[in-house]
Amino acid sequence: MLRREFLAALSALAGSLPAAATIVDYEPGLQLGEGEAFTPDFVRRRAEAMAAKTYAPRPMVPQPWVDISYDQYRSIWFDTRNALWEGTDTP
């Protein structure tokens, strides 16, 4: 590849980045509500809230999941019919 072709392709890519970033802004994706800044104060509040709760052990893994064979595990697949984007033009 010639240097001029490389520089032209690089400038075209650089020029298209802001446009691509605005397209992402319109993609709704998974909606979880308003975000909160990850600050030391946020971590402190989160730790205090978690410490105030009583201890609850993790739930045990169901026995059928423990007894699953390798072949059964390999047969598990993602069902796109139940995906969040089902029925949209999203690939």
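Helices (H or I, at least four residues) and strands (E, at least two) are DSSP runs, numbered from the N terminus. This is a predicted model: local features need pLDDT of at least 70, side-chain atom pairs count only at pLDDT 80 or more, and totals for chains, interfaces and linings use all residues. Residues are numbered from 1 along each chain as its sequence is written, and side-chain values use heavy atoms, leaving out hydrogens and water.

View 1. Of its 91 residues, 2% count as buried (under 20% relative accessible area; exposed is over 50%, partly exposed in between; 1.4 Å probe, protein chains only).

View 2. A salt bridge is a side-chain nitrogen of Lys or Arg within 4 Å of a carboxyl oxygen of Asp or Glu. D41 is partly exposed, at 41% relative accessible area. R44 is also partly exposed, at 46%.

**View 3. R45 forms salt bridges with D41 and E36.** For D41 and R45, the N to O distance is 2.6 Å. They are 4 residues apart in helix α2, so about one helical turn separates them. For R45 and E36, the closest N and O atoms are 2.2 Å apart. R45 has a relative accessible area of 39% and is partly exposed. E36, D41, R44 and R45 are linked in a network of salt bridges.
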